[in-house]
Amino acid sequence: MGRRKKRLITLAGLALLILVIWWAQANLNSYTLRILNLAAINIICAMSLNLLFGFTGQFSLGHAGFMAVGAYVTGLLILPEAAKANIFILDPLTWPFTVLSAPFLVALLAGGAVAALIAVVIGFPVLRLRGDYLGIATLGFAEIVRVLANNLTTVTNGALGLKDIPPISNLWWTVGGAVIAYAVIKRIITSSYGRAFMAIRENEVAAEAMGVSLVYYKTLSFAVSAFFAGVGGGLMASLLTTINPRTFVFMLTFNILIMVVVGGLGSLTGSIVAGLILTVIMEALRPLESPMVIFGRYIPGIPGMRMVIFAIILLIAILFLKQGIFGQRELDLDAMAGLYRKARARLASGQKESGV
Amino acid sequence: MNLQMFLQNLANGVSLGTLYALIACGYTMVYGILRLINFAHGEIFMLGAYFIYYNILLFALPWWLAFLIAVGATGLVGVAVDWIAYKPLRDAPRISALISAIGVSFFVQNLGLVVFGGRPKPFPVPAFFSQMVNVGGVRIMSLTFFIPILAIVLFLILSFLIYRTKPGLAMRAISKDIETARLMAVDINKTIAFTFAIGSILAAAGGAMWAMRYPQINPMMGTMPGLKAFIAAVLGGIGSIPGAMLGGLLIGLLEIMFVAFLPALSGYRDALSFIVLILILLVRPSGFLGEKGEEKV
Amino acid sequence: MGILQAEQITMQFGGLTAVKDFCLDLKQGELAGLIGPNGAGKTTIFNMITGFYKPTSGRIYFGGRDITGLRPDKVVGLGIARTFQNIRLLANLSVLDNVMIGRHLHLSKHTTFVEGVLRLPRYRREEESMYDQAIRLLKAVGLEDVKGEKAGSLPYGQQRRLEIARALATTPQLLLLDEPAAGMNPNETKDLIEFIARIRDEFDLTILLIEHDMKVVMGVCERILVLDHGITISEGTPEVVQNDEKVITAYLGVDVDDVAAQ
């Protein structure tokens, strides 16, 4: 497919998406909108974890930590000064956070940037570790972030967290963020730099022997991944309007990990599809955990049931699907053009046969 | 801090440390053989405590019988977890098994929430363990002394199993080289099942004592002790039983002493072991007593 | 002065001495062989030269520059490329990608990550030239037809050649080949001998190779070093080495000390 044709189709697709968002914002109820927003945020985080784990082969269990960093930074930057004074009752917020404020876009980018910076600082030593050890060390990092969020009361307000964060997140921001994240990550993995990432995933020794600096590219991948996790966290802060250390428990990382594994390690399409489906399932199952009255009978909620089902989904994906839904395949324009050609060829040959 | 308080903290640290050590043994044995961080081990620990609770509450068994039955049942659960979630992935990349283990961990934990309920349950402590002993003017619960004693007995039995029996020899052979062990007609699957059983039994014993120490149980109680025990195993040198004991003891003492000496920083207690973990991984990944593996290019 | 000097490099693992006081002076354009029984320390020498191991003692110079203990990716950047005894391809990537990764170091010197993400002109130019060179290399090793296949799905002989092509993509001055003929049948081996001689001339290379197949070693090498238990026991032209008593006993399994005593 030619570059021009591709660009045209992409533009048409974007135009369609804009129409859909415009329609959705105006017509859908707040419950549905909330699910779609959450799905878009989850997709951003899943794609960014996929860049690190699926494409670069570096197993990380620290995503919730980076999301927390992005969420707190964004939250502190968009909270109006008066609101801050109301929230930080026990221990007043320290300067300069009292006066720092920024528009939402800048706040999101700042959240991502701080997360990326932390990724560089901890990645430099930690990324020497491999596989399971890297996973457990990054999990340790996320737990340390949570402990800090609980204790640095003059910055994070401790266990109470931040509330009344301005609800700016909507589909324009979340879906827009997901589209940009997709475009950037897609361009990374199809560039020579992405090839270097994948070389590390395939065989570290060979990659190094071909001149790929392991330290540099692992850290680069880690930082980009953390950046988008931070942005996702920022969008989440504004969507939920309340964040506290419990928002960023290991379960958050677990949910993102399920999306990446179910969708397919090394497939952005997989992360998008799985992110959307699993978020919807997750929200659809929410009533399970709250009490309800059916035919006049009171049925208590079953807390924990959703995570039981989610854990089973993950286990099925890892034990039976192995490669996830998409494996390492992508359903992008090239792949669709290929499918279209194949279908047409089959149709043509079918016609010939029936003609004879 | 006076001597009395120090001694009290020391006793607490040792008893907490030996509990970590008991759990750490399960991690280190499984890692030694399968190179797998058995993330579900903390949940096995939790199940052990609940099994005893229900044995006493529902079947009104005497506590020692409840203990024995629960420990045996937990051992079976450990074997079942391996059979369902890890065995199909023996030839898959190692990370797949780890993800599976994380899945099992969340599954058991939340199933516990569904079945047992989320509210913490008071754990019945036999009078024998709850009486207070006066040691040089310090009143300490007898359990605090009993935990290290039982732990030492279990360690001795474990060491005997591993170093003096045939299944133990098979375990050590597999952890050295699984392929060669297979060629030498070691029954891999049986030995792995045996390992999971032993590890889970130790975790259940640890869970019982943990439950008596606090004395309440909830479905989330396994997560943090599990992670810390794993850190203890890494600190001591993963794959080494004496290492697990040493690591457990060190982590337990460190936590208690940190809070005792720096009460202002007690909120950071849970971060402490993770900082230790990251440091030890960077400085000496093989831990104190672990074997150093050469990397082959 | 030659292109590569190893001065008394020694490698110890714990108590085991894998290589002891190894010396080598490779001349520009030379094609030398490193032979010896299994476990003699040949691959360890490769690993020291390419930076995967840091020698316990001794120094290595490349083009007059001290490269001892430099990281592998830096060593490649200076112009030393290698292949591996147990083939290490990027199995899930295409044949073309495997060669292009060898050009990445060159590309990253002339453009930046951000330019790559934004697909700015400078990046696009580099990527295009990278592609052209990779195709040229694949033609040179006869793998152009399979450029879209997964590297891991190629037959063994082609995988070996792909590994060499990938090493060549880094535009080395010195090429280290670790048992290039391993697992090849006599016909493939014959082709390989011609191939090695050809790429040396075509790419202006100095080549050091490890090989067990004496046909390859005697057929292509101008100079041979024989290693046993980490010690260089003989050195010279194929004829000299072939007639060296010490070499014969080493291969027949008699202890070196006994030979020295005789």
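## Basis

In this predicted model, local features need pLDDT of at least 70 and side-chain atom pairs count only at pLDDT 80 or more, while totals for chains, interfaces and linings use all residues. Residues are numbered from 1 along each chain as its sequence is written, and chains are lettered from A and ligands numbered from 1 in the order in which they are written.

## Chain A against chain B

Chain A has 32 residues in contact with 30 residues of chain B (in contact: C-beta atoms, placed from the backbone, lie within 7 Å). On the chain A side, two or more residues each come from helix H5 (104–126), helix H6 (131–151), helix H12 (250–263) and helix H14 (305–321). Helices (H or I, at least four residues) and strands (E, at least two) are DSSP runs, numbered from the N terminus. H6(A) gives the largest share of this side, twelve residues.

By class, the side of chain A that touches chain B has 24 nonpolar, six polar and two charged residues. Here Ala, Val, Leu, Ile, Met, Phe, Trp, Tyr, Cys and Pro count as nonpolar, Asp, Glu, Lys and Arg as charged, and the others, Gly among them, as polar.

## Two domains in chain C

Chain C is divided into domain 1 (24–53 + 70–79 + 175–204 + 214–262) and domain 2 (81–171), with bounds from an automatic or database domain assignment. Their centres, taken over C-alpha atoms, are separated by 26 Å. The contact takes 17 residues from domain 1 of chain C and 13 residues from domain 2 of chain C.

On the domain 1 side, helix H1 (42–49), helix H2 (72–78), strand S7 (174–178) and helix H7 (186–203) of chain C each supply at least two residues. S7(C) gives the largest share, four residues. This side divides into ten nonpolar, four polar and three charged residues.

## The sheet in chain C

Six strands of chain C form an open sheet with mixed pairing, in the order S6-S7-S8-S3-S9-S10. Two strands pair if DSSP finds at least two bridges between them. Strand S6 (80–82) and strand S10 (231–236) of chain C each have a single partner strand, so one side of each is left without a neighbour in the sheet.

Strand S3 (residues 31–35) and strand S9 (residues 223–228) of chain C pair in the parallel sense over four bridges. In this pair, Gly33(C) stands opposite Ile224(C) in S9(C). H1(C) packs on the sheet and touches S3, S6, S7, strand S8 (206–210) and S9 of chain C. The direction of H1(C) makes about 150 degrees with that of S7(C) (axes are lines fitted to C-alpha atoms, for helices over the stretch in contact, and angles run from 0 to 180 degrees between N-to-C directions).

Methods: Contact = placed C-beta atoms within 7 Å.
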